[in-house]
Amino acid sequence: MCRAVFVVALVALIRPAAEALDNGLALKPTMGWLHWERFMCNTDCDRDPDNCISERLYMQMADVMVKEGWKEAGYEYVCIDDCWPSHQRDAQGRLQADPKRFPGGIKKLADYVHSKGLKLGIYADVGKNTCAGYPGSLGYYETDAQTFADWDVDLLKFDGCFMDWKSLGDGYMSMSKALNKTGRSILYSCEWPLYEWPFQQPNYTAIRETCNHWRNFDDVYDSWSSIKSIFDWTASHQDIIVPSAGPGGWNDPDMLVIGNFGLSHDQQESQMALWAIMAAPLLMSNDLRDICPRSKKLLQNRLIIAISQDPLGKQGYRTAKVDSFEVWERPLSKNQLAVAVLNRQEIGGPRGLAIRAVPGWKICDPQCNVTQILPQYKEMGVQTQQSKIVLSVNPSGTALLTVTPVSKDFKGLSKLHRKNTSVKRKHNTSL
């Protein structure tokens, strides 16, 4: 006999987010590309010129983002991670790019990325050194902030290695103030809670007032076990972290690894769907120059991206666990609801879950219109609370739906719905 466990998370709907960092940025979750998970700290450009951390890599990614529809889909940041600098600061104490791998310097790279209509992100560390051992920003917060502004950088990922955890808050707040002081709009991506959680529960009010998004948990790996661990950590801490998210500041579960080597296609769909439900930054780490067409189609799926970028700006959360299924729901604008049903079973074939097991299905009183986005696009039409729809979900896969409440007087709306359906099908890029 199946036993359903329902999670009461009304706090996520009722409690407003704390005041956000007032820099006018990240009003919707950030979208772009970040090098770390795929390219790591490969600095050997003699042996591997196509994949080493160099200006060439970022210029090529910027080119592909424009030519292959990534920019049009909403991905706008090209982000450098660790291992870009020289091991020494210059005579004025400023960070400088490795001269062999970035012969034109970061300003030239920023100009190139901007010429494509995209934005450039860069990496630094709150402590004495970066995680890979390059110069950190401790003692140089204002100098480094001004350097990044002078280079016309648009985003700073600020890591937390080589820093006393008790000083993390002061360091992150100091860099936030230094960035604002430059007068340039620089989106501020923090790792403050990630490094504080091993010692104590972080102050998410202070974090939201300081950062535009923030990492909470372990680095993502190109594996299903890594993705599952992120789901589990997020669900087990959702009462703490979900209320802090909203326009201007977001919880960051780390990079999308879709299009790499470690995930089946069903698992890639699960990561994409749950990142959209979690209102997470969509920062891909893959090789856009050579990506599987199915992965590309998934990452550019406009209907999933619309959930991610929904203007209401509320993070979703896990609402139920039923017979090795998990239900995650996110409230959307116009009283809509996004629902992801994740099959946590990793044996056998597709399994079914009655849609009435979804806690949010109560919005279908008196009726609602349902659209399935994953695994295949399907207009499921007008439904009621008594509907007998059963969702079929592959092992480690996810069914993603949007549910829109409608009134009983649906005659006028039905014509409009049919017209909109034809338009949606023209733009549908789901698999």
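Modeller: Let's start with G93, which is buried at a relative accessible area of 14%; buried means under 20%, exposed over 50% and partly exposed in between, using a 1.4 Å probe and protein chains only. Before going on, bear in mind that this is a predicted model, where local features need pLDDT of at least 70 and side-chain atom pairs count only at pLDDT 80 or more, while totals for chains, interfaces and linings use all residues. Residues are numbered from 1 along each chain as its sequence is written, and side-chain values use heavy atoms, with hydrogens and water left out.

G93 sits in the loop between strand 3 and helix 5. Both names come from DSSP runs numbered from the N terminus, with helices being H or I of at least four residues and strands E of at least two. Apart from neighbours within four places in sequence, G93 has contacts with Y140 and T143, where contact means heavy atoms within 4.5 Å.

On the helix 3 side, E55, Y58, M59, A62 and D63 meet G105, L109, Y112 and V113 of helix 5. By class, those residues split into six nonpolar, one polar and two charged. Here Ala, Val, Leu, Ile, Met, Phe, Trp, Tyr, Cys and Pro count as nonpolar, Asp, Glu, Lys and Arg as charged, and the others, Gly among them, as polar.

Helix 3 also leads us to the sheet, as it lies across strand 2 (31-34) and strand 3 (77-79), at about 160° to strand 3. The sheet is open and has eight strands in the order 8-7-6-5-4-3-2-9, with parallel pairing; two strands pair if DSSP finds at least two bridges between them. Strand 8 (250-252) and strand 9 (282-284) are at the edges with a single partner strand each, so one side of each lacks a neighbour in the sheet. From one strand to the next, the twist averages 25°.

Now move along the sheet to strand 6 (residues 187-190). Both of its faces are covered, with L187 and S189 buried on one side and Y188 and C190 buried on the other. Side chains in a regular strand alternate between the two faces of the sheet. Strand 5 (residues 155-159) pairs with strand 6 in the parallel sense over four bridges, and K157 has S189 as its bridge partner. Strand 5, helix 7 (residues 168-182) and strand 6 form a right-handed β-α-β unit: with the strands pointing away from the viewer, the path from the first strand over the helix to the second runs clockwise.

Two bridges join strand 6 to strand 7 (residues 213-215), again in parallel, and S189 stands opposite H213 there. Strand 7 then pairs with strand 8, parallel and over three bridges, with R215 opposite D252.

How values were computed. Axes are lines fitted to C-alpha atoms, for helices over the stretch in contact, and angles run from 0 to 180 degrees between N-to-C directions.
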